[in-house]
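Work through these exercises with the structure open beside you. Try each task before you read its solution.

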Amino acid sequence: MKNLMNNFRLYAGVLRRISHTLTVGMLNADRRTSLLSLYHVYYKNNHSSDHTPIDPYIIPKTDVFELFGNDNAEYEGVYECGFGHTTEFELKVISNLVRKANPQRIFEIGTFEGRTTLNMALNCEANAEIITLDLPASELKATLMEIEDGEVRYVDKEVSGERFMGHAMSYKIKQVFGDSATFSFDEYKNSIDLAFIDGSHAYDYVINDTEKILSIMRPNGLIIWHDYTNWEGVRAAMNELYSNDLRLKNLKHIGGTSILMLQL
Ligand SMILES: C[S@@+](CC[C@H](N)C(=O)[O-])C[C@H]1O[C@@H](n2cnc3c(N)ncnc32)[C@H](O)[C@@H]1O
């Protein structure tokens with residue numbers, strides 16, 4: 001009974017406020033703003049036929065790189081990121097790491113659309129080379145180890161590397177195809193200055209890809225992993241390697257990103 005009375009009082013209060021807002025309250029700017037918010041929340045949300053966001057994000061972007069003036073890299077499509085991509089900030093971090101490391105030869109596992117590949121190409125020297133490995137969609141069901149269900153959509157695509165195709169930087173990029181568990185890395189032994197591991201996020205693949213990349217690095221190379229905080233398989237595999245494999249004892253997680261890096 002007490003609850004019923006409380007609810008009645010609450011509804012009566014709300015009704016009184018609404019009546020006021022819809023009449024004399026309209027003369028008050030704050031009340032008009034509250035009404036507009038209510039309209040956005042209740043009317044537009046319930047009547048939008050295509051369920052697109054009500055207000056697109058129209059405010060221009062900036063980030064700590066621009067604000068603090070330590071942005072030395074070049075970018076393309078940095079703000080055009082979606083599922084399966086590095087975030088804008090991560091792409092800037094990777095691009096700056098590439099520029100600082102000045103690698104002659106880069107190896108990437110996991111091309112996808114080639115957004116990171118392209119930005120690495122923009123930030124290495126004219127005679128540098130990037131080899132990017134991708135699993136062809138036709139081999140989706142034939143991998144040596146199991147990939148995660150959630151990453152099938154990144155494999156199952158018509159084109160791999162569309163972001164750099166026809167781009168002025170594409171001459172630096174060599175695409176190779178295969179399953180990272182069976183692909184032969186032999187010809188790249190002791191030749192890679194920087195590697196980006198972003199293929200399958202399944203535990204076994206992260207362990208496999210790390211081992212394969214370690215086998216082709218030059219002594220002072222830099223290895224970068226993506227998705228440490230986004231995929232359980234990456235987290236578990238990298239935690240295990242960090243705890244048990246002395247080669248990874250200097251592994252670092254870059255704050256504000258899902259990126260791990262190891263300076264050999
Ligand atoms: C998340 S996407 C990579 C995103 C890309 N590195 C970027 O930064 O935009 C993962 C990619 O890894 C590839 N991949 C998945 N399993 C693989 C495997 N076993 N061997 C090689 N590539 C694999 C997928 O085809 C997909 O293109």
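**Exercise 1.** In this predicted model, is Asp-245 buried or exposed?

*Solution.* Start with the relative accessible area of Asp-245, which is 16%. Next, take the cut-off: buried means under 20%. Asp-245 is therefore buried.

**Exercise 2.** Which residue forms a salt bridge with Asp-245, and how far apart are the closest N and O atoms?

*Solution.* Begin with the general idea. Side chains of opposite charge can pair when their charged atoms come close. Now apply it: the partner of Asp-245 is Arg-247, and the closest N and O atoms are 2.7 Å apart. Then check the cover on Arg-247. Its relative accessible area is 41%, so Arg-247 is partly exposed.

**Exercise 3.** Which parts of the chain does the pair of Glu-211 and Arg-247 tie together?

*Solution.* First, confirm the contact. Glu-211 and Arg-247 form a salt bridge, with 2.8 Å between the closest N and O atoms. Second, place each residue. Glu-211 sits in helix α7, while Arg-247 sits in the loop between α8 (232-244) and β6 (252-253). Third, draw the conclusion: the pair ties together parts that are 36 residues apart in sequence. Glu-211 is partly exposed, at 39% relative accessibility.

**Exercise 4.** By about how many helical turns are Glu-232 and Arg-235 separated?

*Solution.* Locate both residues in helix α8. They are 3 residues apart there, so about one helical turn separates them. Arg-235 is partly exposed, with a relative accessible area of 35%. Elsewhere, salt bridges with shared partners join Asp-63, Glu-66, Asp-71 and Lys-92 into one network. The structure holds 13 salt bridges.

**Exercise 5.** Which residues line the largest cavity, and how do they divide by class?

*Solution.* Note the volume of the largest cavity first: about 60 Å³. Then list the lining: Ile-197, Asp-198, Gly-199, Ser-200, His-201, Val-206, Asp-209, Trp-225, His-226 and Val-234. Finally, sort them: 4 are nonpolar, 4 polar and 2 charged.

**Exercise 6.** What is the volume of the largest pocket, and which residues lie nearest its centre?

*Solution.* The volume of the largest pocket is about 560 Å³. Its lining has 38 residues, and Gly-110, Tyr-154, Asp-198, Gly-199 and His-201 lie nearest the centre. Now sort the lining of the largest pocket by class: 10 nonpolar, 17 polar and 11 charged residues.

Terms used. Residues are numbered from 1 along each chain as its sequence is written. This is a predicted model: local features need pLDDT of at least 70, side-chain atom pairs count only at pLDDT 80 or more; totals for chains, interfaces and linings use all residues. Side-chain values use heavy atoms; hydrogens and water are left out. On a 1 Å grid over the protein atoms alone, a cavity is a set of points where a 1.4 Å probe fits but cannot get out, and a pocket is an open set with protein on both sides within 12 Å along at least five of seven lines; lining residues have an atom within 4 Å of a point. Grid points are joined across faces, edges and corners, and a volume is the space filled by probe spheres set on the points. Ala, Val, Leu, Ile, Met, Phe, Trp, Tyr, Cys and Pro count as nonpolar, Asp, Glu, Lys and Arg as charged, and the others, Gly among them, as polar. A salt bridge is a side-chain nitrogen of Lys or Arg within 4 Å of a carboxyl oxygen of Asp or Glu. Helices (H or I, at least four residues) and strands (E, at least two) are DSSP runs, numbered from the N terminus. Buried means under 20% relative accessible area, exposed over 50%, partly exposed in between (1.4 Å probe, protein chains only).
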